[in-house]
Amino acid sequence: MLLVQTLREETARVLKGLAKRNLTRAEEWVAEAIAIDKQRRETQRWVDDLKAQSNTDSKKIGELIKTGQTEEANTLKASVATDKQQIKTGEAALVKYEEELKQLLYKIPNVPQADVPAGQGAEDNQEVYKHGSVPTLPSNALPHWELIKKYDIIDFDLGVKISGAGFPVYKGKGAKLQRALINFFLAEAEKAGYLEIQPPIVINEASGYGTGQLPDKEGQMYFVKEDGLYLIPTAEVPITNLYRDVILTEETLPVKNVGYTPCFRREAGSWGAHVRGLNRLHQFDKVEIVQITKPEDSYAVLNEMCLHVQGLLQKLELPYRKLLLCGGDMGFNSAMTYDMEVFSAAQQRWLEVSSVSNFETYQANRLKLRYKNKEGKTQLLHTLNGSALALPRIVAALLENNQTEVGIKIPEALRPFTGFDWIN
RNA sequence: AGAGGAGUGGUAGAGCGGUUUAAUACACCGGUCUUGAAAACCGGAGACCUUCACGGGUCCGGGGGUUCGAAUCCCUCCUCCUCUGCCA
């Protein structure tokens, strides 16, 4: 959530940025928020003055009683009682303003950074980098949903039997490939200085609000009603929330965490022919990198995180492209996002395998994640995260791109982790 | 899950209805002294809201209530500890 202060003091910049997201009512919301905030502050002042008065009067009552001046005490009591009544009214108004303001701020997405292009959707994203060449496949090349049957490594029907559509069962070398990828990604992250975290995979409501999944994506998370807990859609949520209500010292920055978790997404209403096989699932595995930085460092770190992800793709010998997302295609919380897409050769499609974002202070504001700077002032930090990487589409591309007459070839870098060179 | 106990500033720990603007100790930072350090002494130090500022207000696990006045009394939720039960 944005700071009201930012809306108030940098109105022009905020509106210019939000315009790139192609929202219809942003201007109206911002104006409304500023107006409510003004009323809120005026009321706050009024209530504070009344409280100051009744505090001193109450103290005086104590003294009067002690010195036996009961009559004077009673007169004062009456006056405090009327003040109290007004304070109550004022506080009720304050609660109302705060709630209204909060609801409004929840609706306003992050302001895209200056370099983010304006745009409607995916077609306006900018390709900023491309690496590798598309492999030439045998004439009888199969898409991954056929390959997994041919080699009996992933079984969707069994998943349907025990859970439902979108919950595949990994078997034999399929299961081992998953484990190998997870370990490979974690090992690479550790080499890059990330601390491994194994968080819970259910989270409470406060955590959902902390990173912005709530209230924005309410229906996208699985919810355990009895306990009021949500299944995580990404490790970003528990890991970033580790730092909720925390004031870090400057020496601990940047915080670099990595975590492997399963991820759960209801994906309500997003199924179709283009999401066959591993392209979209309700449960999938992902290794996520998270960084918390000083404001002035965050864009250098965004770049560093992209290069880390690109390094992984290169080691896996997958052709990929890097996209700078336009305002209209960017996530609600993000100020700048790069997507990495691998080319899956049999489907002849680019598949998003990573999304690396800088949230600036948007999450930190709600998390109350701050640090004490050199001048001793507490200041909001910047949060960033990126998939490094999401498994299913990587598996899809590996299977499709590396298929040969004699089986599927495992890339060199992964072999120490799989313990086998071929799936055949 | 049941019974009992407890949650106070970075930590320990007093206070149990009105000089608490939360004592005190330790830890922390600055200063004096010292060649330097230690010790000793002096001083400082939290968060949030509001204000250009001075200042004011709020915060004793969360929320609600009683009272002129609540860390202190009541209700409720959460967490931790002990015992019993259950269970990878």
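**Backbone geometry and helix packing in the predicted model**

N22 sits in the loop that links α2 (11-19) to α3 (26-66). The structure is a predicted model. N22 is not a glycine, yet its phi is positive, near 70 degrees. Within 10 Å of N22 there are 16 other C-beta atoms, so the residue counts as partly exposed. Burial would need 20 or more such atoms, and exposure 12 or fewer.

The axes of α2 and α3 lie 10 Å apart, and the angle between them is about 150 degrees. Angles over 145 degrees count as roughly antiparallel. The pair α2 and α3 is therefore roughly antiparallel. Their crossing is right-handed. On the α2 side, the contact is made by T11, V14, L15 and L18. On the α3 side, A26, E27 and V30 take part. By class, the residues of this contact are five nonpolar, one polar and one charged.

E317 is partly exposed because 16 other C-beta atoms lie within 10 Å. That count falls between the limits of 12 for exposed and 20 for buried residues.

Helix α10 also contains N303. Here 13 other C-beta atoms are found within 10 Å, so N303 is partly exposed. N303 pairs in space with Y338, at a C-alpha to C-alpha distance of 9.3 Å. In sequence, N303 and Y338 are 35 residues apart.

Cis peptide bonds were examined next. One joins L214 and P215, with omega about 0 degrees. P215 is located in a loop, between α8 (205-210) and β6 (223-224). Another cis bond runs from A388 to L389. Its omega is near 5 degrees. L389 lies in a strand, β16, which spans residues 382-390.

The overall organisation of the chain was then considered. Chain A holds 13 helices and 19 strands. The chain is divided into two parts: domain 1 covers residues 4-107, and domain 2 covers residues 122-423. Taken over C-alpha atoms, the centres of domain 1 and domain 2 are 43 Å apart. Along the principal axes, the C-alpha atoms of chain A fill a box of roughly 100 × 45 × 45 Å. Chain A has 424 residues, and 38% of them are buried. Contacts at a sequence separation of 6 or more were also counted. Of these contacts in chain A, 74% link residues 24 or more positions apart.

Terms used: Residues numbered from 1 in each chain as written. Chains lettered and ligands numbered in written order. Predicted model: local features only at pLDDT ≥ 70, side-chain atom pairs only at ≥ 80, totals over all residues. Helix = DSSP H or I, 4+ residues; strand = E, 2+ residues; numbered from the N terminus. Domains from an automatic or database assignment. Axes fitted to C-alpha atoms, helices over the stretch in contact; angles between N-to-C directions. Parallel < 35°, antiparallel > 145°, perpendicular 65-115°, else oblique. Left-handed = near helix turned anticlockwise from the far one by under 90°. Contact = placed C-beta atoms within 7 Å. Nonpolar A, V, L, I, M, F, W, Y, C, P; charged D, E, K, R; others polar.
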